[in-house]
Amino acid sequence: MNESPPGRLLPWALVTPALLWTLVFFVLPFIAMAALSFLEHGGGQATFDNYRQFLDNPSYWRAMVNSLEVTLTVTAISVLLAYPFAWILAEVVPQRLQRLALVLAILPFWTSYVVRSYSWLLVLAQNGVVNRALVGSGLVDAPLQLANTRAATIIGFVHFFVMLLTLTIFANLKQLSPSYRRAAADLGAGPLRTFLHVILPLTLPGIMVGAFLTFVLAIGDYITPQILGGNNELLMPQLIMMQIGRRGDFPLASALAIILMLVVTLAYLLCARWLKIERA
Amino acid sequence: MMRLAGKLLVSAYALAIYGFIFLPVVVLVLFSFQATSFPIPPFTGPSLRWYETVLADTRLTSALFNSVLVALLSSALAVALGFLAAWGFARHHLPRSGLLRGLITLPLTVSYLIIGMGMLILFNAAGIPRSLVAAGIGHVVINLPLCFAIIYSQMGDHQVNIERAARDLGAPEWKVLFLVSVPVLWPAIFASFFLSMTFSWDEFVISFLLTRFDTTLPVEIWNLLRSGLNPRTNAIGSLVFGVSIVFALLLELAFLRRSRR
Amino acid sequence: MTGPLVEIRKLSHSFGGHRALDEVSLHVEPGSYTVLLGPSGSGKTTLLSIIGGFVHPDEGSVFIRGNDFTRTPPAQRPTATVFQDYALFPHLSVGNNVGFGLRMRGVARAKRVGRSREALAMVGLADSYHKMPHQLSGGQRQRVALARSLVVEPAVLLLDEPLGALDLKLRRQMQDELKALQKRVGTAFIHVTHDQEEAMALADHCIVMNDGRIEDQGPPERVYSRPASRFSATFMGESTLLSGKVLDLGTDEIRIDTRVGLLSLAGAGEPGFDVSLAIRPEHITLVPEPGSVSLGEAAVTDVVFQGSFKRVSAVSAKDPGVAFIAKLRSSQPVAVGDTVTLYASPAEMVLLSR
């Protein structure tokens, strides 16, 4: 639209600060990181060694496989737990209580990330509440090793993403016009068939977006696996932080970070077909 | 009979999920009132001794102060930059607008770890020392796209006409901005500010990488974790949770105000 | 000063590849009520936006009181716009909305309040000064928007589908109020609408637009009774269109070979030219009247009862491509499936060359 311009420069004056900020503190660092990933640690020579190390060293490979396994498991479990929950909040809970029920359901969302993981450590500790309950009820004889396991990492992640997905799926379900449901019922579909043939397909694009968000956020997270999983097995973010923290090997850390980003981009391209439905 | 079973099943499921969601928070808060030195059953409280310890700990209180300061300033800057950019893109025809808007929202897709690392590498190369300011800059990087996206999405056609009306009635651009656009978009501005506050307040990895001696609360809590399970961590964690709830409620109010409009 | 208040010279404008306005020229007289009538996409709103200064045209110019305002920003024009969605400032009270333009002009507060109150009283909302816009009904918001624009005393008031958001009954009522208000303040109004009834009720001067061009303009009575084009014959009210060829010329008459037979009527044309005859529905009858001619037999396809009359659709027996629309008295017995003979007077037919 040829909106009458109050001056040619004004629009640029408005958008330039944000663009500049993004360029200097986001794009430039990324370029620096990418450049560094092709340099030797300590020396200044150009090399592919950092990428080759990832391919050659099975323990690095393993970290990527662990990351993918954990993240995909977390995504699947979170969606499966959150969908029925969101459905109950949107369809079963009476209208006037819905807002309250939703606010309650995502209240712990607001605990700090570090504190949330620590809380799970408390719950899952050798003599924490879960083990006390299990032993006390006679279900197990001795406390189980729950903390510092992959299971603990997965539980910590699922806790966060169930809340996030409940929120997004709830919003999705509420957006559906009630007339869809009425129309389906009118045409003779029972509740189950209405759900399978009408509600589920209509909310699927929203679920895909939520699942992708879960995948992206979980695969890049350092805190949850570091606090809950311990160092028994490493995930990619832990491996990257290790290169920075213990060894000061920024070039290798950069290469690993870029590989991680490539994997996320690949995941995006694989999901793009479903993610696009949302935008249309 | 079937209906009753179904209702029971639904209630049981909802309660189980609520239980799962609240379990860690309840345990955290409950054992922050523990009287003895281990935050594990049995509960020996209630006692406020760990809160007293925590509030007397100058490292923690100064970290808390730092966190609030970084959150306030970085969010204010993120909202200001985001608002101006959103206004520019929504109201004027700029070449390659889609591409540039994509650039501003790009940081949303990259993990905080990688953003923080990239900034650390750049700052190291440029000789900029690690500091709270560096962490604050990082927080603007992650919150700017969010503020931009929220405010941009609220700049509908209706607002376009409202601003046109103001211009038509003789308002110069800066008056359109301060007398019309900002007040009309106030709920979105308010919401994005408080959302930024919460994100900055909770952010760990960027602060961890970019600060050195003076640091933010999440990093200080992280340092506490080295001592294992400790009621002090429960106490400070509960405090942080309390503050976040206040943010969340303010946010909720902002949206409620908007939906009443 | 004499001469037109607003003079539009050869305005052309494109959005992307679409030509929204194509060499449009027109005059608006002081104190007149001008209505721009056309379907959506006809360019009427673009034309209004250009007069208001919100869009700068690709070519052509806008003169107001003899001065060129083509590229002047809206704030510096002697125009004020009433937006379709009213665009009231939601965070300001009704009084402050109305006073906004005066505030921008640096009018002192006391004077501003006084004039805002007067303007609100003029639209019948004297007691709403302290209310917020969301507390008002649609019709009341419309009036506030009017007061807000009129209080700055524009030379021309521009109204963009001002009644579009109101329900039918309220629309007719506001229509009367608008007309009365315009007569009272004497400001020239330019009003955009797609509603032909609204156009006929309000306009001193009606401009029918289609596809970025002016199809017809003049007093609404003339535009209705003697439309200048096929488009205005069918858009400004309904018409039956008979296409045909000019056969030969008489002294004051031409003979036209239509698909339903030969018709003679007053007019001029070149033999062999394609023309159309437009007949308004109220001029088609079932019985011959003095001076009328037969249009042949037709099969009734639809009858809609509309209170004082019946709207009858029929298809010619000679050529199923010819569809008649007639307005008949309600008492006339006619039903779907009937075969009827239709009559019309050549004097009421309008010869259209395009």
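A: Start at B:Phe213, which sits in the loop between α10 (205-210) and α11 of chain B. A caution before going on: this model is predicted.

Is B:Phe213 buried or exposed? B:Phe213 counts as exposed, because it has 7 C-beta neighbours inside 10 Å. A residue is exposed when that count is 12 or fewer. B:Phe213 also has a partner to look at across the sequence. B:Ser131 is 82 residues away along the chain, yet the C-alpha atoms of B:Phe213 and B:Ser131 are 7.7 Å apart in space.

Now take another loop of chain B. B:His92 is placed between α3 and α4 of chain B. With 18 C-beta neighbours inside 10 Å, B:His92 counts as partly exposed.

Next come the helices themselves. Two packed helices are described by the angle between their axes and the distance between the axes. Take α6 (residues 132-154) and α9 (residues 186-202) of chain B. Their axes come within 9 Å and cross at roughly 155°. That angle makes α6(B) roughly antiparallel to α9(B), because angles over 145 degrees fall in that class. The crossing is right-handed.

Which residues meet there? From α6(B) they include B:His139, B:Ile142, B:Leu146 and B:Ile150. From α9(B) they include B:Ala188, B:Ile189, B:Leu195 and B:Phe199. By class, the contact of α6(B) with α9(B) holds ten nonpolar and six polar residues, with no charged ones.

Helix α6(B) has another packing partner, α3(B). The axes of α3(B) and α6(B) are 7 Å apart, at an angle of about 40°. That makes α3(B) oblique to α6(B). This crossing, too, is right-handed. The contact of α3(B) with α6(B) has 19 nonpolar residues, seven polar and no charged.

Chain B also touches chain A. The contact takes 68 residues from chain B and 63 residues from chain A. Several helices of chain B each supply at least two residues of that side, among them α3 (58-91), α6, α9 and α11 (217-225). The largest share, 14 residues, comes from α1(B). What classes make up this side of chain B? The residues divide into 54 nonpolar, eleven polar and three charged.

Turn to the side of chain B that touches chain C. There, 16 residues of chain B face 19 residues of chain C in the contact. The elements of chain B giving two or more residues are α7 (157-168) and α8 (173-184). Of these, α7(B) gives the most, with eight residues. The side of chain B that touches chain C has eight nonpolar, three polar and five charged residues.

What is chain C built from? It has eight helices and 20 strands. Its C-alpha atoms fill a box of roughly 75 × 45 × 40 Å along the principal axes. Of its 354 residues, 43% count as buried. Among contacts in chain C between residues at least 6 apart in sequence, 63% join residues at least 24 apart.

Chain C is divided into domain 1 (6-234) and domain 2 (240-352). Their centres, taken over C-alpha atoms, are separated by 38 Å. The contact takes six residues from domain 1 of chain C and five residues from domain 2 of chain C. On the domain 1 side, those residues are two nonpolar, two polar and two charged.

C:Ala87 lies between β6 (79-82) and α2 (94-104) of chain C. Its phi is near 50°, a positive value in a residue other than glycine. C:Ala87 is buried, with 26 other C-beta atoms within 10 Å. C:Glu161 sits in the loop between β7 (156-160) and α5 (168-185) of chain C. Phi of C:Glu161 is near 40°, a positive value in a residue that is not glycine. C:Glu161 counts as buried because it has 20 C-beta neighbours inside 10 Å. The cut-off for a buried residue is 20 or more.

How values were computed: Residues numbered from 1 in each chain as written. Chains lettered and ligands numbered in written order. Predicted model: local features only at pLDDT ≥ 70, side-chain atom pairs only at ≥ 80, totals over all residues. Axes fitted to C-alpha atoms, helices over the stretch in contact; angles between N-to-C directions. Helix = DSSP H or I, 4+ residues; strand = E, 2+ residues; numbered from the N terminus. Parallel < 35°, antiparallel > 145°, perpendicular 65-115°, else oblique. Left-handed = near helix turned anticlockwise from the far one by under 90°. Contact = placed C-beta atoms within 7 Å. Nonpolar A, V, L, I, M, F, W, Y, C, P; charged D, E, K, R; others polar. Domains from an automatic or database assignment.
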